[in-house]
Structures are given as structure tokens and as C-alpha cells.
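Hello,

I am passing a structure on to you, and I hope you enjoy looking through it. Please open it first and then read my notes alongside.

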Amino acid sequence: MLPPLPDLADYGISPVHGFLPDEEPLEMLSNPYYIKWEAIVSKLQPLLLSRRLHEVIDSLPVLSARHLHTEREWRRAYVVLVFMLHGYVWGGNQPQERIPPQITVPLFQVCEHLDIPPVATYAAVCLWNYKPIFPDEPTDNLSNLACINTFTGSMDEQWFYLVSVAIEAQGAPSIPLMLQAISAARSGDSRVVTECLQHFAEILDKVGAVLQKMYEHCDPHIFYHRIRPYLAGSKNMGDAGLPRGVMYDDGAGQEYRQYSGGSNAQSSLIQFFDIVLGIEHRPTGVGRNDGTSGAASKSGHGFIREMRDYMPGSHRRFLEHVDRVANIREFVESRKSDKALSCAYDACLAMLRALRDKHIQMVSRYIIVKSREARINSPTGTQHGPAALNLAIVRQDKPSNNKKLRGTGGTALIPFLKQARDETEEPAINAWAHRLLRDGPAEPRSATLSKVGEHADGHLEVVGLAGTWSADQTEGGICHW
């Protein structure tokens, strides 16, 4: 007997807003018990600028989560505490290794309730951290969105988070749509499946258009040097001064833990796209014919599956449920003679691959180019003493052929992103679709923005107005460390 399809309400997922909350996130906790938390995050920028955040947090009483009641309050508490946490760790001249009980105790309580790790995740900075500019206007439009909290107070940081919020809003209709497609496939209704896939391809195209808006108000230099360091986690951060991760002190004991930082790979929506289309992702570096396809691939411990652990527990369980019932790829493969169905499916793959191409190009501009500039311009000290640690470029301080720029998620991400993109084309049905997905459309005669070229040996080459430079052995993601 086939397992039932997931009911969105069982997982707290909105048929309208998707993985965004059905109710707008709280802008602050109204209970006076938490007024000191809210006072700190409301003054986070001046506290970081004056280097007073540590002393202010250390002087707090250790508060409890017992006065939190609604889910909106639990989520708000999580956002407040992880902004305090990352400001505390990364807001000084050197990273702070020990997390005091003032943060640890309530954060552990909140994270246990929400089933989410005690670190700033995608949910913290994006899903639960936005508000409408005008409450009487739709909140699913980028032009009516604002952030509740940021580390820097900059427009660039707000825009970086809000583009992701808008992507979630634009992609939300795909969730009930593709559940309908799965249901139609079960009953053998090719027409409905085809129509759903055609609509899905249009949604993916819109999502890609929203991603391109990142360039409008998020400057790569500001992002790389001012915003990105605060999103770093504690995993693979030995070069930055956290060889054992961070030590969470709850007053009764101390425990070192390592967590990845915030990452768009923690978006349940993006992983939903892959699951419903039957795209299989393998651990980075594992090829299609390396014996890890199908069930073996699903049981692997690749970065994408690891990132599910950083999603809200209900979202993670929803993806696991969808994974058990997804049947679109098998349905299309069993009806290859249905040209309309195959074309609609391949169109979805093409749009998703195009989305990943745009992401790789964005990574090259926001991370790779800036990391090379930082390596060239990095100061080692001044006449007044050693320079403060620049967490954005710390991995470049000791250049090595084996050093690899990592994302805030803690993994090597240019190889990861390239492989994820290439895996997107693998299920394509028609031979022409395989060629189009592999080779891409014909190049335009005039170039407006730099592009990423790939060579047979696997290294990247970025072509721009300033010339051509090689990106081999370089990794990173726009929201990774």
C-alpha cells in the first residue's frame, strides 16, 4: 500500500507562503521578562562597533524560556539569541570561544522546542526575520519587505536576506502544485502531471529572476568583508581561531560543539525542488558511475543531506515524507513516448540548472573575486601592533595549493555547486535536452557581466572586464564559509 501524501498542516507549512510562516514573524517579544534581550539586539550595531557586546551580555541574568508560549514567540526568541550568539563569537578582534550561560541556557531550551541547532541558520536570518513595510500590502513581494534584525544595519545585509525571503515566497506555490502532480502520477493522469510540470518550470524561472536581483542592492565588497564573517559557524574554523569549535557553557558544564553556519542549502524549498524532480545528489567528488546512485545515494552523507539537520524539525520531516512518495521522475521515464510530458519535465530540469548556473556566477563575484582581492591587500600589521583578525580573509593568510576557501556552511562549495548543477541534468529524458543542459544556450555576441568558464580538467576560469583569471582549487558559496 502506498504511503499517504503529506498534509501541509501537519508540518506547519502554508499552501500560500510555503516554508515562510503563515503569520508574520514577531518583531519583538512583548513580555517584559525578555526586555533586556530585545534591548541588546536593537542596539547590536553600536554594541559591536564599541566592542561592548561581551560585557553587556556577560552582565545579563540567565533567563529561562518558560515565558514563551506561541510558536511565534519561540521563533523570535531563537532569532534574538542567535544574533546575540554570532555577535558574541565574531564581534571582536578575535573569535570568542566560550559561549556564556546567558546565551547557552535559554538557547538550548529554545532549540530543543524548535528542533533546530543552536546556531544562526537560514531560518533565523531569513524565514523568521522579515516584516512588511506596509502591513496592508502583500508580504510576498520583495518591494514590501524589510528585515527585523541585522548585524551591520546595512541595506546590503537586509537585501541579502530579503532576496532569499522573496525566493521562498515566489516558490511557495510549487509545494501544493507538485504534491498534486505526485497524486496525479499515482492515478496515471499524464495530462495533469504535464500541466503541473509546465507551471513548475514557470515558477522556477521566476525564482531565478528574483535571485538576479541580488546585484541591485548588495555590494560584493560589503557582503564579503562586513556581512559574511558574522554568518560563519564553528565547523572547520581552526584557521580562524576555533580549532575545537565553540564551548557552550550552561553553568553546570562546558561542551565543545561544531556547527555549520547559515547557508542557502538549508532552504527547504530548494531541496524540495530536487526531491520532487527525482534529482539525486551525491557526496562532493563522487561521480555518477561510482556505485552510489539510487538508494545508496540517498543514504550517503553529502552536504545537501547534512544541511537538512539545520532546518526546522517540521520542515525536515516534511522533506523526508516527500522523499518517500516522490514519483515524478519514474512516472516520466515510464512514459518516454509522451512528448509533452517529457518536454515539460526536461523544461523543469533546464530551469533548475539555470538557477544553479546563476548561483555559481554569483558566488564567483561575491566570494572568489573578493577573496583574491583580500589576499593581495591583506595587512599583516601596523605601526601600532598586529592587525585585527579579518575573518573574511583568514583562510588566505597562509596561501597553499591545498588551501580551499570554504563557505559559512563549512564545506568546499565551488566543487559542490558545480556538481549539484551537473547532477540536475542527469534525469533528462530526451537526448536534445541532455545536450542543451550540458552545453547551455549559444553565447551572446556581447557580454554584460563576467561569466564562469569550465575547462576539461575541471578548473574554473572567470572572464570579466578586468581580464581572465583562474579559479582552480578555489571554493566557497555566497552564503557559506
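Below are my notes, going from the whole chain to single residues.

This is a predicted model, in which local features need pLDDT of at least 70 and side-chain atom pairs count only at pLDDT 80 or more, while totals for chains, interfaces and linings use all residues. Residues are numbered from 1 along each chain as its sequence is written, and side-chain values use heavy atoms, with hydrogens and water left out.

**The whole chain**

The chain has 19 helices and ten strands; helices (H or I, at least four residues) and strands (E, at least two) are DSSP runs, numbered from the N terminus. Of its 481 residues, 53% are buried. Here buried means under 20% relative accessible area, exposed means over 50%, and partly exposed lies in between (1.4 Å probe, protein chains only). Among contacts with a separation of 6 or more, 77% are between residues 24 or more positions apart, where contact means heavy atoms within 4.5 Å.

Have a look at helix α11 (residues 220–227) and helix α17 (residues 339–377), whose axes come within 9 Å and cross at roughly 70 degrees. Axes are lines fitted to C-alpha atoms, for helices over the stretch in contact, and angles run from 0 to 180 degrees between N-to-C directions. The two helices, α11 and α17, are therefore roughly perpendicular to each other; angles of 65 to 115 degrees get that name, with under 35 counting as roughly parallel, over 145 as roughly antiparallel and the rest as oblique. On the α11 side the contact is made by P220, H221, F223, Y224 and H225, and on the α17 side by R365, Y366, I367, K370, S371 and A374. By class, the contact of α11 with α17 has six nonpolar, three polar and two charged residues (Ala, Val, Leu, Ile, Met, Phe, Trp, Tyr, Cys and Pro count as nonpolar, Asp, Glu, Lys and Arg as charged, and the others, Gly among them, as polar).

Helix α17 also holds H359, where UniProt places the feature "binding site" in an unreviewed entry. UniProt positions are given in the numbering used here, feature names are shortened, and annotations may be inferred rather than shown by experiment. H359 counts as buried because its relative accessibility is 15%.

R186 lies in helix α8 (residues 174–186) and is partly exposed, with a relative accessible area of 31%. Leaving aside neighbours within four places in sequence, R186 is in contact with L2, P3, P4, L5, V325 and N327. Its side chain reaches the backbone oxygen of P3 at 2.5 Å. The C-alpha atoms of R186 and I328 are separated by 9.2 Å, though the two residues are 142 residues apart along the chain.

S14 is found in the segment before α1 (35–42) and counts as buried, at 3% relative accessibility. A polar contact of 3.1 Å joins the side chains of S14 and D22; such a contact is a pair of N or O atoms within 3.5 Å, and within protein one must be able to donate a hydrogen and the other to accept it, with residues adjacent in sequence counting only if both atoms are side-chain atoms. The S14 side chain also reaches the backbone nitrogen of V16 at 3.0 Å.

**Two loop residues**

R51, in the loop between α2 (44–49) and α3 (53–58), has a positive phi of about 60 degrees although it is not a glycine. D115, in the loop between α5 (101–114) and α6 (122–127), has a positive phi near 55 degrees.

Best wishes
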